[in-house]
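User: I am new to structures and would like to learn how to read one. Please take me through it feature by feature.

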Amino acid sequence: QISWTPLLLLGYLFYLLLGAMVFQLLEKQAETHFRDQFQLEKLKFLQNYTCLDRQALEQFVQVLMEAWEKGVNPEGNSTNPSNWDFSNSFFFAGTVVTTIGYGNLSPSTVAGQIFCVFYALFGVPLNLAFLNQLGKALNAHLLTLERWVQKPGRAQVQLVIFLITGTLLFLVLPPLVFSYVEGWSYGEGFYFTFITLSTIGFGDYVVGTNPNKHYIPVYRSLTAIWIVFGLAWLALVFNVGADLMERYLQLKWHKSDLSLAEGDTTKLEDEPEQPRIHIPS
């Protein structure tokens, strides 16, 4: 039997190429527009403040970029809340062990960087073990529902209810909270929710970073706890989807092999001098 792995590899590469073409089509023109607009704004700034030259402006822009890379928001003033209070540090620790890594905040001291390496070295396996146990508990819950429901059709209904409940708790309702607290649109909140729980973590949207807003101290800590349970649920959904996709590909490939085998059997039956081959169903 021919392995279906090469087919999966070709499909995977095609999916990446398709994504690259679509993202290029959607984003490249907007990037060019924003770049030209930014250059125009710099020219206007130099025209309004003739005491500055272009080199001085570029140096100031570099200072802003370095501040942003160090986790300091250039907006506001020195009264902005610290990025390293306990609540924010707890949130950062969660992004490390869950491998989300937004990229908007990172340790700047050598001691902090070394500690982050060893913290992740032990924390990531611990997080995976915890999510694995949490996933087993969710699976056991599903199996209990299937055993509780005697009729086969009812088990699928319970599974659908489970998936819908998780979708509401982790994907649909949280964007409403983030939209209210952060001032985002619902689409932006939903985008942040999925990008976070899938551990993609671009860092373009991060909760609790707006210097013009006052957040309750436990806001980011509660968000970190929501992330952990949301990760377990979405990982279970991804695993189910991957399992269904794998079974579908194997089934299609197996049917193709059976069709070829049945064709060979028919050909052999038309030639009496050849021995008959029985293909089991």
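**Reading the model step by step**

Analyst: With a 1.4 Å probe and protein chains only, buried means under 20% relative accessible area, exposed means over 50%, and partly exposed lies in between. This is a predicted model, so local features need pLDDT of at least 70 and side-chain atom pairs count only at pLDDT 80 or more, while totals for chains, interfaces and linings use all residues. Residues are numbered from 1 along each chain as its sequence is written, and side-chain values use heavy atoms, with hydrogens and water left out.

User: What average pLDDT does the protein have?

Analyst: pLDDT is the predictor's confidence in each residue, from 0 to 100. Here the average is 80, and 80% of the residues score at least 70. A contact means heavy atoms within 4.5 Å.

User: How many helices and strands does the protein have?

Analyst: Helices (H or I, at least four residues) and strands (E, at least two) are DSSP runs, numbered from the N terminus. The protein has eight helices and zero strands. Of its 281 residues, 25% are buried. Among contacts with a separation of 6 or more, 57% join residues 24 or more positions apart.

User: Which residues does UniProt list as "transmembrane region"?

Analyst: UniProt annotations may be inferred rather than shown by experiment; here their positions use the numbering of this model and feature names are shortened. The unreviewed UniProt entry lists residues 6-26, 86-105, 111-131, 157-177, 189-207 and 219-242. In the model, residues 6-26 are 100% helix, with end C-alpha atoms 30 Å apart. Residues 111-131 are also 100% helix, and their end C-alpha atoms lie 29 Å apart.

User: What span should helix α1 have?

Analyst: The expected span is 1.5 Å times one less than the number of residues. Helix α1 (residues 5-48) has 44 residues, so it should span 64 Å; its end C-alpha atoms are 62 Å apart, which agrees. There is also a kink of about 35° in α1, centred on glutamate 27. Such a bend is the angle between axes fitted to the seven residues ending at a residue and the seven starting there. For α7, 12 residues should span 16 Å, and the end C-alpha atoms are 16 Å apart, so the two agree.

User: Which residues of α7 are buried?

Analyst: An α-helix has 3.6 residues a turn, so residues three or four places apart point the same way. The buried residues of α7 are Gly189, Phe192, Thr193, Ile195, Thr196 and Leu197. Threonine 193 counts as buried because its relative accessibility is 0%. Leaving out residues up to four places away in sequence, threonine 193 touches Phe170, Leu171, Pro174, Pro175, Phe178 and Trp226.

User: What is phi near in threonine 99?

Analyst: Most residues other than glycine have a negative phi, and most peptide bonds are trans. In threonine 99, phi is positive, near 60°. Threonine 99 sits in the loop between α3 (86-97) and α4 (110-148). Threonine 199 has a positive phi near 60° as well, and its place is the loop between α7 and α8. Threonine 199 is partly exposed because its relative accessible area is 28%.

User: How many aromatic pairs does the count come to?

Analyst: A pair of aromatic rings is described by the distance of the centres and the angle of the planes. Rings of Phe, Tyr and Trp (its six-membered ring) pair if their centres lie within 6.5 Å; planes under 30 degrees apart count as stacked, over 60 as edge-to-face and the rest as tilted. The count comes to 15 aromatic pairs. One of them joins phenylalanine 45 and tyrosine 49, which are tilted, with 4.8 Å centre to centre and 35° between the planes. Ring pairs also link Phe91, Tyr102, Phe178, Trp184, Tyr191, Phe192, Tyr205 and Trp226 into a cluster.
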